[in-house]
Amino acid sequence: MTLLSAPDGLVVPPGSGRTLVTPAQQVTFKVTGEHSRAASSFEVVVPPGFDVGAHLHTRSEELFYVLEGELDVLAFEPRIRTRDSWRAWESASGQRCVRATAGTVILVPPGCPHAFANPTGEPARMFFQAAPPPDHERYFDELFEILNSGPPVDEEAVAELRKRYDIEQLTPLRMAPPGTR
């Protein structure tokens with residue numbers, strides 16, 4: 001009798017994983033499409049002043065879990081989408097941007113506008129999952145190439161990259177320190 005063996009699991013110790021670093025963000029790949037058919041998982045350090053901008057994905061589902069620090073977040077369709085900033089958006093049911101602290105979970109289904117920003121003077125850290133893999137892995141790799149290619153950041157290249165990876169940008173991505181926007 002032949003026994004079929006199940007594949008081995010994956011254990012990623014603290015501090016392990018491939019890390020990409022730019023002045024805008026630090027992303028550590030924890031679980032990739034090589035290991036999971038369900039989702040890619042990352043640990044993300046969000047520096048002070050970083051604002052990913054409101055955006056949506058038509059195919060991806062995302063989950064964010066705040067580990068340390070504070071982030072302003074939203075995950076809803078606003079009554080009115082303003083182009084410059086998402087912070088004053090309000091949903092038809094009255095939802096508004098919230099300050100997420102350690103332990104906060106944000107689930108974003110496909111098609112739902114969402115955003116996060118670090119309005120504080122300290123870095124924030126979050127666990128982030130994106131399904132299905134490996135689109136976000138490839139996106140991060142290409143984004144970090146663009147961001148590390150120098151100042152100034154090639155905004156057109158970032159916009160094209162975001163379109164290619166199912167990211168409809170609704171408000172601008174910003175990397176300015178707090179108070180300088």
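Reader: Let's start with strand E6. How many bridges join E6 to strand E11?
Author: Seven bridges join E6, residues 61-68, to E11, residues 124-131. The two strands run antiparallel. One thing to keep in mind as we go: this is a predicted model.

Reader: Thanks! Which residue in E11 stands opposite valine 66?
Author: That would be methionine 126.

Reader: And which strand order does the sheet have?
Author: Six strands make an open sheet, ordered E1-E2-E3-E11-E6-E9, with antiparallel pairing. Strand E1 (18-21) and strand E9 (105-108) are at the edges; each has a single partner strand, so one side of each has no neighbour in the sheet. From one strand to the next, the twist averages 20°.

Reader: What packs on that sheet?
Author: Helix H1 does, touching E1, strand E2 (26-31), strand E3 (40-46), E6 and E11. The direction of H1 makes about 155° with that of E2.

Reader: Which residues of E9 are on the covered face, and which on the uncovered one?
Author: Ile106 and Val108 are on the covered face, while Val105 and Leu107 are on the uncovered one. In a regular strand, side chains alternate between the two faces of the sheet.

Reader: Nice, that helps. New topic: at what angle do helices H1 and H2 pack?
Author: H1 (residues 135-147) packs with H2 (residues 155-164) at about 175°, and their axes are 10 Å apart. An angle over 145 degrees counts as roughly antiparallel, so H1 is roughly antiparallel to H2.

Reader: Which residues meet there?
Author: From H1 you have Tyr139, Glu142, Leu143 and Ile146, and they meet Ala157, Val158, Leu161, Arg162 and Arg164 of H2. Sorted by class, that contact has six nonpolar and three charged residues, with no polar ones.

Reader: What about strand E7, how many of its residues are buried?
Author: Four of the five residues in E7 (residues 71-75) are buried, which leaves the strand mostly covered.

Reader: And which strands does E7 pair with?
Author: E7 pairs with strand E8 (residues 98-100) in the antiparallel sense, over three bridges. Here leucine 71 has alanine 100 in E8 as its bridge partner. E7 is also joined to strand E10 (residues 114-117) by four bridges, again antiparallel. In that pairing, alanine 75 has histidine 114 in E10 as its partner.

Reader: I also spotted cysteine 112. Where does it lie?
Author: Cysteine 112 is in the loop between E9 and E10.

Reader: Is cysteine 112 buried or exposed?
Author: Buried, because its relative accessibility is 12% and the cut-off for buried is under 20%.

Reader: What is cysteine 112 in contact with?
Author: Setting aside neighbours within four places in sequence, cysteine 112 is in contact with His55, Leu56, Ala75 and Phe76. Cysteine 112 and glutamate 77 are 35 residues apart in sequence, yet 6.2 Å apart in space, C-alpha to C-alpha.

Reader: Last one! Which residues does UniProt list for the Cupin type-1 domain?
Author: The unreviewed UniProt entry lists residues 21-147 for "domain: Cupin type-1". In the model, the end C-alpha atoms of residues 21-147 lie 9 Å apart, and the span is 10% helix and 39% strand.

Technical notes
Residues are numbered from 1 along each chain as its sequence is written. This is a predicted model: local features need pLDDT of at least 70, side-chain atom pairs count only at pLDDT 80 or more; totals for chains, interfaces and linings use all residues. Side-chain values use heavy atoms; hydrogens and water are left out. UniProt positions are given in the numbering used here, feature names are shortened, and annotations may be inferred rather than shown by experiment. Buried means under 20% relative accessible area, exposed over 50%, partly exposed in between (1.4 Å probe, protein chains only). Two strands pair if DSSP finds at least two bridges between them. Axes are lines fitted to C-alpha atoms, for helices over the stretch in contact, and angles run from 0 to 180 degrees between N-to-C directions. Angles under 35 degrees count as roughly parallel, over 145 as roughly antiparallel, 65 to 115 as roughly perpendicular and the rest as oblique. Contact means heavy atoms within 4.5 Å. Ala, Val, Leu, Ile, Met, Phe, Trp, Tyr, Cys and Pro count as nonpolar, Asp, Glu, Lys and Arg as charged, and the others, Gly among them, as polar.
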